[in-house]
Amino acid sequence: MASPLIALEGVWREFASGEQTVAALRDVSLAIGAGEMVAIVGASGSGKSTLMNLLGCLDRPSRGDYRFSGRPVRELDHEELARLRREHFGFIFQRYQLLPDLTARANVEVPALYAGMLAPQRRLRAEALLDQIGLAARGRHRPGQLSGGQQQRVSIARALMNGGEVILADEPTGALDSKSGEEVMDILRALHRAGHTIILVTHDMKVAGHADRIIELADGRIVADRQITARAPDNAPPRIATVAFTGARRTRWSPRAQRERLEEALRMALRVMAVHPLRAFLTMLGIMIGIASVVLMVGVGEGARHKVLAGVSQLGTHTIELWAGGGWGDPDAERKRGLEVGDAEALAREHYLAGASPVIQTSVQARHGAIAATASVTGVNERYPDILGLRLAAGTWFDADALAHRAQDVVIDPAARRTLFPHSDPIGQIIMLGGVPARVVGVVAPSASLNRWPGGQNVSIFAPHTMVSDRLTGKTRLDSIIVRVANHAPPAAAEHAMMRLLALRRGNSEVFVQNADGVRKTLEATSSTMTLLITSIAVIALIVGGIGVMNIMLVSVTERTREIGVRMAIGARRGDILRQFLVEAVLVCLVGGLTGIALAWATGAVLPWLAPTIKVIHSPNAIAATFVFACLTGILFGYLPARNAARLDPVAALSSE
Ligand code: ADP
Ligand code: MG
């Protein structure tokens, strides 16, 4: 005799319950042939469901041997068990277990999705099955819009989607009224006639009467196993016969099927987001804010850099600034001999220079009437506008006479004018620099070279250096000397000559120069520090956002445990479940990331209105990088919850509330 389809040999199933173990099945041996219709009956707690789960490869025996079509199930791994379920079994549950967010047709299609059937075929077949069970018109309804009997019929169609060679029905009529119950039993009988093997669990002897064989369980043991010989003749119309797909549908993978599976996961993820929009939004918020702030920060940094660079280019190579010390950040700079006014005067006499000005920098509270602002005051001489190529918008620059008399005359920049004199003409007005009164004699025209230094974008005031050192700083030492090389002289040679002259005047104490190239290099160095800073902030922001995503994904997995169980029962592999939740996490991060970028753009567009000195330049690279980071965050932080979901035990998942 050929080996039976299902053969159990001395099977035990024990559950750990506290200290003890409870045996739900004890030494069960059983053979069921292909095409049989078997009812399993017994009191509640007798082990019927446990037996069904074992037969359906949702669970494995603790001891004993189960062979399906001669194959020992014990030796199969998770992947192969999922495949057996998908290709050979069709589950029907007491509570239907349809996926509530999917339409009836989509529910029927799910098993074929896991088996790699392509969308058009899947759709046709699902429609044919719904038609056969008399629900052709209900394909677009959701389970909530169907009666219990209709839902159970949809679940039968789902069980048949991949062939349903063996139908396992656990109390299929338990939740139905008697008429719907009859209909369901009619369909099961028709399937039986069409060659399907039907195994059903029931406590209702009338339902059991439809079967050819009744197996009775008590306390986990088989206590009776009898063939029913005399039964009423079967008059029910064989309505399902034409869709009977005997033989299992084998799983086949084409690249297109793979893509469809991913699309389906994406669609599911979108549906989940649509069902819980607030939750999705809150989850995204962290990612959104993180990405928005990083993109904006990069944009503002980039804008500032451009501004300074524009100023430097404006200056050209003929304007050079000299500083005392060995270079930026020289720790000994303070102890070294500083530059003095005499040095600037000596330089001014050199024929290769068109002009030289001392520079003393300080910062004061500038006030005009009720308006006050922090201003940077630059003490320079009368040559300064020529050296920097500044033009005056109003008034005049202070002259040599003013310098000699330490005149309290100042020239203000456009920002100072906007801030301190919003409605009046500044020329001739008195402003207070700290406690020192000064008369405004001129206003410079806007110029990129005013922004020579990062941060040189706020309110600026120019004053005679003699007055600044006398009244404001009290120091004679200069911060720097700025010179303009004569047009005919090559800047490099001029730089050389200046260094030689200063070395002669000052002994060996060092001087370094800052020219356009130098500024560019300094800027590059500071911007790489900025980049590092921004990157670390980005990483922190995304970790915080990612933790939020992980948190909500864990909640989502817990909430959908039963759905995961159902999907596993109808043939999902662990990989399918993993993919579904990963796609969801990545989607949340992606949408959050895109919204964040949009937010940064919007803020970047509005910001210059609020703060005119700020310029925002978005770099496509930075945006692309944050985008990629958002995806990675989704994968990284979605992985743990997704893996938890994929590793759920199908039986436990199915029975969760
Ligand atoms: P039936 O379906 O016939 O009502 P079950 O197969 O569900 O019975 O359960 C049989 C016995 O096994 C019961 O005593 C039940 O408490 C126990 N049992 C079933 N599943 C588990 C489990 N996961 N953990 C512990 N005990 C279980
Ligand atoms: Mg049960």
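Start at Leu-168: its bridge partner in strand β8 is Ile-199. This is a predicted model.

Now select both whole strands. β8 covers residues 197-201, and five bridges join it to β7. The two run parallel. Next, follow the chain between them.

Go back to β7 and find another neighbour, strand β6 (residues 89-92). β6 and β7 also pair in the parallel sense, here over four bridges. Pick Gly-90, and you will see Ile-167 of β7 opposite.

Stay on β7, residues 166-170. Are its residues buried or exposed? Five of the five are buried. Check each side in turn. Val-166, Leu-168 and Asp-170 lie on one side. Ile-167 and Ala-169 lie on the other. Both faces are covered.

Now move to ligand 1. Select the residues around it: Phe-15, Ala-24 and the run of Ala-43, Ser-44, Gly-45, Ser-46, Gly-47, Lys-48, Ser-49 and Thr-50. Colour them by class: three are nonpolar, six polar and one charged. Which element gives the most to this shell? Helix α1 (residues 48-55) does, with three residues.

Zoom in on the ligand's oxygen atoms. One is 2.8 Å from an N or O atom in the side chain of Ser-49. For Lys-48, look at the backbone: a polar atom there is 2.9 Å from an oxygen of ligand 1. A polar backbone atom of Ser-46 is 3.2 Å from a ligand oxygen.

Last, show the surface. On its own, ligand 1 has 560 Å² of accessible area, and the protein covers 59% of that.

Key: Residues are numbered from 1 along each chain as its sequence is written. Chains are lettered from A and ligands numbered from 1 in the order in which they are written. This is a predicted model: local features need pLDDT of at least 70, side-chain atom pairs count only at pLDDT 80 or more; totals for chains, interfaces and linings use all residues. Side-chain values use heavy atoms; hydrogens and water are left out. A residue is near a molecule or strand if one of its heavy atoms lies within 4 Å of it. A polar contact is a pair of N or O atoms within 3.5 Å; within protein, one must be able to donate a hydrogen and the other to accept it, and residues adjacent in sequence count only if both atoms are side-chain atoms. Accessible areas come from the Shrake-Rupley method with a 1.4 Å probe; for residues, only the protein chains shown count as cover. Ala, Val, Leu, Ile, Met, Phe, Trp, Tyr, Cys and Pro count as nonpolar, Asp, Glu, Lys and Arg as charged, and the others, Gly among them, as polar. Buried means under 20% relative accessible area, exposed over 50%, partly exposed in between (1.4 Å probe, protein chains only). Two strands pair if DSSP finds at least two bridges between them.
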